[in-house]
Amino acid sequence: MASRTAPDSLRLVQDLVNTLDIETGEDALTDDGGLGAFLHDHGVPAGRSGVTALAELQELREALREVCLAHTAGTAVPEPAARTLDRLLAAAPLVLAVRPDGGAALRPAAGLGGVAYLTALVAAGIATAVADRTWTRLKACEAHDCRWVFYDKSPAGRSRWCTMAVCGSRAKMRTYRARRAESE
């Protein structure tokens, strides 16, 4: 899959959603040690693990994918996805930390670890992206067999596919064939 890398504030969201390859069904989180490796690779301190933590992270991932699909379509976030995000994000509080240089940043609240810590990092990234107006450029490929999350760097912000060379070309070819079949 081609991936247009998101800015730092959204990279974790992009990485998380792209742990599932829709086309092959391969889920990097369910691979042997996959959940632990993902958390470790993203600097997440130890916390709850196991089936419940994995299920929560997968639920977060799919709700975020729904948001990214809404960004692609220019529609509202589906209500079930919004409710899921509200519930999961509420369990991962943030605090505002003032830096020595006078700046400030959101960070996970003390005592969080594992999936809750990662969820708080996701929330902080989204808050930053909303503030700098990059959040809606994180999109999911419109192709039903792809749904790969990419960062739309196009000037108009209207990209619909993760890559024009693969998913975009397939979609255009399907449209062409359908029109041709109708005219015959």
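**Entry 1. Nonpolar core**

I began with the largest nonpolar core of this predicted model, which has 38 residues. I looked up which members touch the most other members, and these are Leu57, Leu64, Leu118, Trp135 and Leu138. I then listed the elements that each supply at least two residues of this core: helix 1, helix 2, helix 3, helix 4, helix 5, strand 3 (138-140) and strand 4 (149-151). Helix 3 gives the most, with 9 residues. I note as background that nonpolar side chains tend to be buried together in soluble globular proteins.

I took Leu138 for a closer look and set aside its neighbours within four places in sequence. Leu138 is in contact with Ala6, Leu10, Val13 and Gln14, with Cys68 and His71, and with Val149, Phe150 and Tyr151.

I also recorded another core of 8 residues, which lies apart from the largest one. Trp148, Phe150, Cys162 and Cys167 are among its members.

**Entry 2. The chain as a whole**

I counted 6 helices and 4 strands in the protein chain. Read from the N terminus, the order of elements is α-α-α-α-β-β-α-β-β-α. The chain has 184 residues, and buried residues make up 42% of them. For contacts between residues at least 6 apart in sequence, I noted that 56% join residues at least 24 apart.

**Entry 3. Helix 5**

I checked the span of helix 5 (residues 114-131) against expectation. Its 18 residues should span 26 Å at 1.5 Å a residue, and the end C-alpha atoms are 26 Å apart, so the two values agree.

Which residues of helix 5 are buried? I found Gly114, Val115, Tyr117, Leu118, Thr119, Ala120, Val122, Ala123, Ala124, Gly125, Ile126 and Ala129.

I examined Thr119, which lies in helix 5. Is Thr119 buried or exposed? Its relative accessibility is 4%, so Thr119 counts as buried, the cut-off being under 20%. With neighbours within four places in sequence left aside, Thr119 is in contact with Leu60, Leu88, Leu89 and Ala92.

I next examined Ala124, also found in helix 5. Ala124 has a relative accessible area of 8% and is therefore buried. Not counting residues up to four places away in sequence, Ala124 touches Leu94 and Leu106. I recorded the pair Ala124 and Leu94 separately: the C-alpha atoms are 7.3 Å apart in space, while the residues are 30 apart in sequence.

**Entry 4. Helix 1 against helix 5**

A pair of packed helices is described by the angle between the axes and the distance between them. I looked up both values for helix 1 and helix 5: the axes come within 7 Å and cross at roughly 130°. Helix 1 is therefore oblique to helix 5. I noted the crossing of helix 1 and helix 5 as left-handed.

Which residues make the contact? Helix 1 contributes Ser9, Leu10, Leu12, Val13 and Leu16. Helix 5 contributes Leu118, Leu121, Val122, Gly125, Ile126, Thr128 and Ala129. I note that Leu118 is also listed among the core residues that touch the most other members, and that Leu10 and Val13 are also in contact with Leu138.

**Entry 5. Helix 3**

I repeated the span check for helix 3, which has 23 residues. From first C-alpha to last, helix 3 reaches 33 Å, close to the 33 Å expected at 1.5 Å a residue. Gly74 follows helix 3 and has a positive phi, near 70°.

I looked up Arg133, which comes just after helix 5. Arg133 is not a glycine, yet its phi is positive, at about 65°. Arg133 is found in the loop between helix 5 and strand 3. At 73% relative accessibility, Arg133 counts as exposed because the cut-off for that class is over 50%.

I also looked up Arg147, again not a glycine, with a positive phi of about 60°. Arg147 has its place in the loop between strand 3 and strand 4.

Notes:
Residues are numbered from 1 along each chain as its sequence is written. This is a predicted model: local features need pLDDT of at least 70, side-chain atom pairs count only at pLDDT 80 or more; totals for chains, interfaces and linings use all residues. Side-chain values use heavy atoms; hydrogens and water are left out. The expected span of a helix is 1.5 Å times one less than its number of residues. Buried means under 20% relative accessible area, exposed over 50%, partly exposed in between (1.4 Å probe, protein chains only). A nonpolar core is a set of buried Ala, Val, Leu, Ile, Met, Phe, Trp, Tyr and Cys residues joined through side-chain atoms within 4.5 Å. Contact means heavy atoms within 4.5 Å. Axes are lines fitted to C-alpha atoms, for helices over the stretch in contact, and angles run from 0 to 180 degrees between N-to-C directions. Angles under 35 degrees count as roughly parallel, over 145 as roughly antiparallel, 65 to 115 as roughly perpendicular and the rest as oblique. A crossing is left-handed if the near helix is turned anticlockwise from the far one by less than a right angle, and right-handed if clockwise.
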